[in-house]
Amino acid sequence: MRALRLALIAAALVAGLANASPTAPRDGADFTTLAAPQPTQAEGKKIEVIEFFAYHCGACNAFEPTLKNWVKQQGDRIALRRVPLPFQGPNDPEARLFLTLEAMGKLDAYHGRVFNAVHVERKRLMKDADIIAWAGENALDKAAFADTWNSFGVQTRLKRLSQMVDAYKVTGTPTVVIDGTYLVSPSQVQQANRIQDAGDVMAATGQVMDALVVKAAATR
């Protein structure tokens with residue numbers, strides 16, 4: 001009897017995956033709906049899109065071009081927020097780097113540089129001293145960077161990251177949250193649609209995100 005139940009569960013799972021589609025995504029297959037949706041910060045009818053990421057994450061680096069193009073295509077329909085996942089806990093150096101650049105107004109200019117430093121130049125930016133040294137080597141005012149790095153504002157936001165990650169039920173990167181409600185990641189889309197090619201995975205993830213923005217906008 002137990003074997004029969006397992007067979008039925010397996011068959012249902014296969015059927016669910018077979019019916020998954022990036023252009024008509026299914027809850028529980030292509031994306032996940034939060035049981036407790038989170039409040040959003042986007043103004044007007046814009047749909048908030050949050051990317052949880054980490055600079056050392058290879059999948060995040062691979063996803064970055066797709067996300068940038070997708071955001072450009074969405075235009076004024078969405079408002080993007082990036083949130084670093086503090087893998088090393090409440091004092092995570094990578095997350096602190098992101099928050100420091102953001103507080104300095106340097107994020108747009110340096111976000112891509114950090115990815116390049118880690119994944120192309122193979123620099124290990126996992127310790128405070130290494131990051132501060134890198135900042136000085138890359139045309140950032142070292143004193144201003146250090147002051148911002150140690151500022152109350154950055155330290156306060158850093159401590160709050162874990163609470164945010166828990167609230168959104170994020171367990172890995174990259175994870176995209178749309179309208180505080182729908183979670184999607186390239187790995188989930190890949191598994192749901194059994195896609196092998198990395199480029200196709202990224203394209204399919206963009207299609208799922210397209211559909212979820214439309215779904216969220218329909219409730220406005």
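**Exercise 1.** Work out how many bridges join strand S2 to S4 and in which direction the two strands run.

*Solution.* In this predicted model, strand S2 (residues 47-53) and S4 are joined by 4 bridges and run antiparallel, where strands are DSSP runs of E with at least two residues, numbered from the N terminus, and two strands pair if DSSP finds at least two bridges between them. Within this pair, valine 49 stands opposite isoleucine 178 of S4. Residues are numbered from 1 along each chain as its sequence is written. Local features need pLDDT of at least 70, side-chain atom pairs count only at pLDDT 80 or more, totals for chains, interfaces and linings use all residues, and side-chain values use heavy atoms, with hydrogens and water left out.

**Exercise 2.** Decide whether the two faces of strand S4 are covered or open.

*Solution.* In a regular strand the side chains alternate between the two faces of the sheet. In S4 (residues 175-178), Thr175 and Val177 lie on one side and Val176 and Ile178 on the other; all are buried (under 20% relative accessible area, with a 1.4 Å probe and protein chains only), and both faces are covered.

**Exercise 3.** Place the strands in order and identify those at the edges.

*Solution.* The 5 strands form an open sheet of mixed pairing in the order S1-S5-S4-S2-S3. Strand S1 (32-33) and strand S3 (78-84) each have a single partner strand, so one side of each is left without a neighbour in the sheet.

Conventions:
Buried means under 20% relative accessible area, exposed over 50%, partly exposed in between (1.4 Å probe, protein chains only).
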